[in-house]
Protein chains: 2
Amino acid sequence: MSEPRRNIYLRTLPIEDAVTRARTALDRDALMHTETVPAHEAAGRVLAAPVYARFSSPTFHSAAMDGIAVSAAKTYTAREGSPLTLALDADYRPVNTGHPMPEGCDAVIMIEQVVPVDDTHVQIESPAFPWQHVRRLGEDIVATELLFPRNHPLNAYDVGTLLSGGIWEVEVWEKVRVRIIPTGDEVLDFTLRPEPGAGQVVESNSQVLATMARGLGCSVERIAPVRDDPEALHAALRDSLDAGTHLTIFCAGSSAGSKDFTRATIEREGEVLVHGIAAMPGKPSLLGVCRGRLVAGAPGYPVSSVVCFEELLTPLLTWLSRRQSQARPVVEVELTRKVPSRLGIDEFLRLSVGRVGDKLVGTPLARGAGNITTLSRAQAVARIPAAAEGAEGHERLTAELTVPPALLDRIVVCVGSHDNTLDLLADELMGRDDPFRLASTHVGSMGGINALRNGSCHFAGAHLFDPETGDYNFPFIARFLEGVPVTVVNLAIRHQGLIVAPGNPMGIQGVQDLARKGVRFINRQRGAGTRILLDWHVREAGISPAEVAGYDKEEYTHMAVAANVLTGAADCGLGIHAAAKALGLDFVPLARERYDLLIPNAFLEEPRVRAVLDLLHTPAFAERIGNLGGYETTLMGRVMHPGDGLGDMG
Amino acid sequence: MSEPRRNIYLRTLPIEDAVTRARTALDRDALMHTETVPAHEAAGRVLAAPVYARFSSPTFHSAAMDGIAVSAAKTYTAREGSPLTLALDADYRPVNTGHPMPEGCDAVIMIEQVVPVDDTHVQIESPAFPWQHVRRLGEDIVATELLFPRNHPLNAYDVGTLLSGGIWEVEVWEKVRVRIIPTGDEVLDFTLRPEPGAGQVVESNSQVLATMARGLGCSVERIAPVRDDPEALHAALRDSLDAGTHLTIFCAGSSAGSKDFTRATIEREGEVLVHGIAAMPGKPSLLGVCRGRLVAGAPGYPVSSVVCFEELLTPLLTWLSRRQSQARPVVEVELTRKVPSRLGIDEFLRLSVGRVGDKLVGTPLARGAGNITTLSRAQAVARIPAAAEGAEGHERLTAELTVPPALLDRIVVCVGSHDNTLDLLADELMGRDDPFRLASTHVGSMGGINALRNGSCHFAGAHLFDPETGDYNFPFIARFLEGVPVTVVNLAIRHQGLIVAPGNPMGIQGVQDLARKGVRFINRQRGAGTRILLDWHVREAGISPAEVAGYDKEEYTHMAVAANVLTGAADCGLGIHAAAKALGLDFVPLARERYDLLIPNAFLEEPRVRAVLDLLHTPAFAERIGNLGGYETTLMGRVMHPGDGLGDMG
C-alpha cells in the first residue's frame, strides 16, 4: 500500500511527568512579564509584587453609630434613675455614623439611649466608656502595613481593601496569551455557518478550548482553520510566536497519521517534549517548546482535546499565571455498571451522577472520544488510574464534579427505555420556578428494571410487552422486582412501527417483509421493549431471526434506528412514529403500546418525583406530547394495575 | 437636641423571608426578556428555550482509526498464520481518522494490523467485524434530538455540542442589568484618586458590589457618587429606572439616620418591601420595588454591604437570571475561641481557616462591620444562626469557604505576637515556586502559647521576657506547654522602644517619663510580650501603673500603637522600631529582645513549616529584614535553648 511517512510516537508519558517536563523546559521568569492595571479593575488578576497600604482606614477616629459624641470622663456619674443632663457643644455634639469625632470627644452614645430635653440639652442614664462606638484611626488598615503578598490572587473583597488603603494601581502578572489554531482539510469554520457535506466536519474544538482558556483568565485568540499543509501550518506557528503568544495550541494533527503535521511543525521552530500521554481519551497529545514558548498539539476528537486541555494544559496555564490550581469538587459515587479499562493508562470516564436515596449513583456515559455530548450530559468525570484494570459495578469511585455540588440534589435520575417524550419532560422540569434536571440514560426497559433493583434511579421508563398475558410491565415487575415495591404510572400510549425511507420505496407493509430478500433491517438491543415486541411479531409471523438481514445489527435508540434508515445503511427498523417524523421518514404502524414510568414507592414523595407526577396531570404537557404525533395521552398520569393493558381492553 | 426626621425601621425580617417577599413582589416573566447570541459565545449564558439539533454528528459514517476501510464480510477467512490478501480499490481503501467510509465498506482495520505487500496489495491476519472502528452517523448527535432543555446554563463543553449540532445562534435570557449608586456627602470617588482629609472616606463598596455582580454574570454600571440630597438621589433613581435597570443598588443611606434618604427615595417611585434584616453585619438592608424593578439599599459599612449583597441580593439575581444557586463549599472547622452572638440574628463571622494536623481550625477575625480587610483575610464565613447565642471555643462549626478548598492545605497558620517580619515572611512564602499562604492572627505571645496548647496553629511567634531568669520564652514554655514538645527557632532580635511624635516634642527619654504629668501613654494588651516587657520596666523604674495615663488603653499591634501616636491620641507607646519608621515617627530605644518561632515538634517535617525554616536560612530574607531597621538577624534560623538569652550573654 502507498502511504506517506508516519510519525513515530515518543513513548507515552504519565500525565504528571508530561507536565513536569514542560515546566522544567520553560523559563517562567523570562516568559511572563508584569503590567500595571487600575486597582478597581484588578479582581481576578494575580499580584506581581507585595502591596503596602498608603492610607490608614479609617483615616480619622469616627463615630460608629448615630448619636452623640461625648467625653467619656464627663459621663461617669450617669445612672439609671439618676440621669445626667448634657449641654450641646459644651458636653455633646450630634454625630452620624462615619462622622469624625469632634475635638475632645472619645465616645459615642447611641441615639436610642439619649433622651432629648430641649433643643440644646439631652439626658443619659448610663455612663459611656472611652472609645465606645468609635472606629479608631487605623482600625481596619494602618498605613504602610502589608495588604497583600506577591502572587496573591485578587478577589472582589480585595478590591475594597486596595481602594480603602489608597491603592489606585497594582502591578499584576500579564494574562497568559493563548492562540488556538484549528487545522484540517476536512474542517469547516463554524463562524461561516456552514452546511457540512459528506467528509466534512464543523470544527468546534477550538472554541471549546478557547472558552475554557478564557475561564482560566487567559487572553485568547482563535484563528480560522488552517489546511493540512506543512508550509501553511509553519506560517501559522511563526505568526503566533511573532505575536508574543505564550501558548499556541494546534487543534488536531497531533497523532501519528500521514496527515498529522503538528509534530513536524513544532520541530521546525523548536523541540518536541512530549508526544503521547498515558491517558484515554487524550493519548495523542503533544507538547513542545519553540523560542521559549509553549506549543501544544491537541487531539482531534472532542473529548480527547478536552482531556488534553484540562489535564495537561490547565496545570501549565495555572502555573504560568501563578494561580493556585482550582481542583474540582470531589464526590464518591456508586458505579451502576462494570467498566473495564486498560492497565497503564489513566482513563477519564464521564458519569451521569445524581443523588438517589442516600447515595450518589454514577452511570457511565458512552466512552467514545468523539462524543462531545457525553461531556455536556455528564455531572462528573472519574479517573480510573493507570494501575487499575477498570472498576466493578457497584464499586465506589471518586469522581470530580463538572457541575456545582448543589446541583446533584436537583437531578432526577431516569434509567431505562428511550422515548422522545422524556425530552419534553426534561424541558418542562427545567421550566419550573424551582427547576429540576432530568438525567436520562438509555439502556432499554430491562436495563431500567435492573436499575430499579439496584436502587440506582428515581424511576425507569419501560414498555415491556408480555405476549402470554397481553399485559405491559407488570409480569416483568413480578419476575424481576420482588422486594422493590413500585408504582406504575403511564406516561403515554405510543405507536411502534417500521421506519422506512420517504415514500417507502421497498413497499414494506409489515413484519413479514423483513424476511424478504434485499430488505436490510436495523435492530434494537436485547432487553429493549421494542426488541421484545419485534421478537414477538417475528415469531407470530413464523419468521426465524436468521432470515432477517441485519437482525444482529443493534442500535440503542429509536433515533439511531431512524438515522440508519435515513442514510440508507438499513431499509427499515422498528421504532416509534416520532423518530420517523423527526428525520422526515415514513412510518408503517405495527402496534400500540404502553410506555410507563416505574417508580419505587420509596420515592413517591420525593420532590423530584412529585414534580414529574405533577407534570403528568398538566394539560399543556399532554398537548405537547400529542403534537409529536404517534402518541395517545388518554392514560397519562394514571396509576396502572396488572391486567390494565392498553386501558381499552377491559 | 435638634434632629431631622428619622426613618423608622420596619420590623427586621429573617433573610429568607426578605428574599421571598421580593420574589413574590416581582413579575419575573414580565421583567426579564430574552436575546439571541452567537452559539460560540454563549458559554455562561442561560438558554431561554430548548435547543434541538439541526445536524447529526457525525453527519456520515466515518473512519475512527487510521488504516484501511473494508467490507467486513470479505474478511471472514483471515486467520493468524493464514493471511488474507486484499487488493486496493477492489477490497480496501486507505483511510485516515475522520474520513467518510467509502461506498461498500463497513469496517476499518487499524494500520498497525495491516501488512503491506506492494503498492496495491496488503495482508491481514484476522477478520474485521461489521462497524469495527467506524463512527456511525448520529453516534454523538441525531438531528432533531433535544440538545438542551430551556433554562440550561451553558458551559464550555456545551459550546462544542451546539456547534456540532449545527446551532449557530441561541436564545438566552438577557443579562440582569445592575446599576450601583454610591451616595454620601463625605465619600470621595476612587476614580479621581483622592487624598482624603478628616471626615472624608474613599468610597469602595460600590466597586466591591460591582465586581461581585459581574461575577454572577450581570451587566453592571457603577456611577459617580451622589450627594446626600433627596432630589439628587431621586433623579439618580429615575435615571436608572428609565435606563431599564433591573436592579438599582444605593450604597449607604439605608439605615434610619437623619441623612439616610434611600427609603424615602424608593417611596417616591414605588414601594419599600423590606427595611432591616435579622443579620449582623447587614441589618440596615433595604429592598423595594419601583415600576416592577428591584431597588436595594445596601448598608454603608463594607462588610454589611457584602452581607447584604451575598445573602439578600445574590439569591434574587440568581433567580432573575434563572441560574441555579452556586452554594459555596462547606467545611467543618474547630473554633479557636468562644464567640458570643445575639439571639434572633444571623451573625456572619469571618474566619481565618487552615488545616493544622488533621483538623481545620478557624480563628475568628475582628467582628467590626467596618473592616473590609477581615473579608480579604478570611478563608471562610460561618453563620451563627438566629437561634444560637454564640459558639463555644473548640466547638465545631460549619463554615462556607470563600477560597478554593485545596487552598486550605497551603495555609500556614501562625498565631501569636505581631511582628512586621511576619509580613515579609508572608511575601516570601508566596514567592516560592510552590507558594504557601501565611494566615497570621495577632493575639500576643501568650495567645500564641495558648494556641500551641490547643493544637490550633503551626507555630507561634513569641518574645516573652522572663525577668527572673533574663531568658526568653523557655520559662513560659516550661510553665504553660507541658506535654507539647516544641522547638524554638529565632526569627530576629528586635529593638523595642518608645514610639514618639516626630522630633520627640515631649522630650521623652525613657520609661520614667511615662509617669510625668501630661504624657499620655498607649498600652498593649495583656499577654503581649511587649506588655510584659513594659510592666517589667515600669516596675524596675518604681512606677505604679496608676501613675501612667493611658495604661488601661490597649492596642493589639505595634502599628496600632504607632497610629495613636501619629494622630496625637497618645504621646507615646512601647513598640518596635519598624512601626515607628513606617509611620515616620521617632523612636526612643529601650531594649533588645528575642522574637522566636515556637514550633510543635510534630510539625517540624510538615512542608509548610519546612518552607518557613528554609527561609530563615536565606541570606536574601535576612537582608530584607535588616532593611526594615531595628532588627538584628545574627540568631535567625538558629534553634534556641534555655538560657541562650540574646546569644551574646554567654
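**Figure 1. Domains 2 and 4 of chain A.** In this predicted model, the C-alpha centres of domain 2 of chain A and domain 4 of chain A lie 42 Å apart. Domain 2 comprises residues 34-57 + 140-173, and domain 4 comprises residues 332-403.

Figure 2. Helix α15 covers residues 607-615 and includes A:L613. The relative accessible area of A:L613 is 10%, so this leucine counts as buried. Apart from neighbours within four places in sequence, A:L613 is in contact with A:V489, A:I599 and A:L604. A:R638 is 25 residues from A:L613 in sequence, and their C-alpha atoms are 9.6 Å apart.

**Figure 3. The loop residue B:H458 and its contacts.** B:H458 is found in the loop that runs between α10 (444-453) and β31 (460-462) of chain B. With a relative accessible area of 0%, B:H458 is buried. A polar atom of its side chain lies 3.0 Å from the backbone oxygen of B:R355. Leaving out neighbours within four places in sequence, the residues in contact with B:H458 include B:R355, B:V356, B:I411, B:V412 and B:V413. Also among them are B:I599, B:P600, B:F603, B:R608 and B:V609.

**Figure 4. Helix α12 of chain B and the residue B:G542.** The twelve residues of α12 (529-540) reach 16 Å from first C-alpha to last, close to the 16 Å expected at 1.5 Å a residue. Buried positions in α12(B) are B:G529, B:T530, B:R531, B:L533, B:L534, B:H537 and B:V538. Just after this helix, B:G542 has a positive phi of about 75°.

Technical notes:
Residues are numbered from 1 along each chain as its sequence is written. Chains are lettered from A and ligands numbered from 1 in the order in which they are written. This is a predicted model: local features need pLDDT of at least 70, side-chain atom pairs count only at pLDDT 80 or more; totals for chains, interfaces and linings use all residues. Side-chain values use heavy atoms; hydrogens and water are left out. Helices (H or I, at least four residues) and strands (E, at least two) are DSSP runs, numbered from the N terminus. The expected span of a helix is 1.5 Å times one less than its number of residues. Buried means under 20% relative accessible area, exposed over 50%, partly exposed in between (1.4 Å probe, protein chains only). Domain bounds come from an automatic or database domain assignment. A polar contact is a pair of N or O atoms within 3.5 Å; within protein, one must be able to donate a hydrogen and the other to accept it, and residues adjacent in sequence count only if both atoms are side-chain atoms. Contact means heavy atoms within 4.5 Å.
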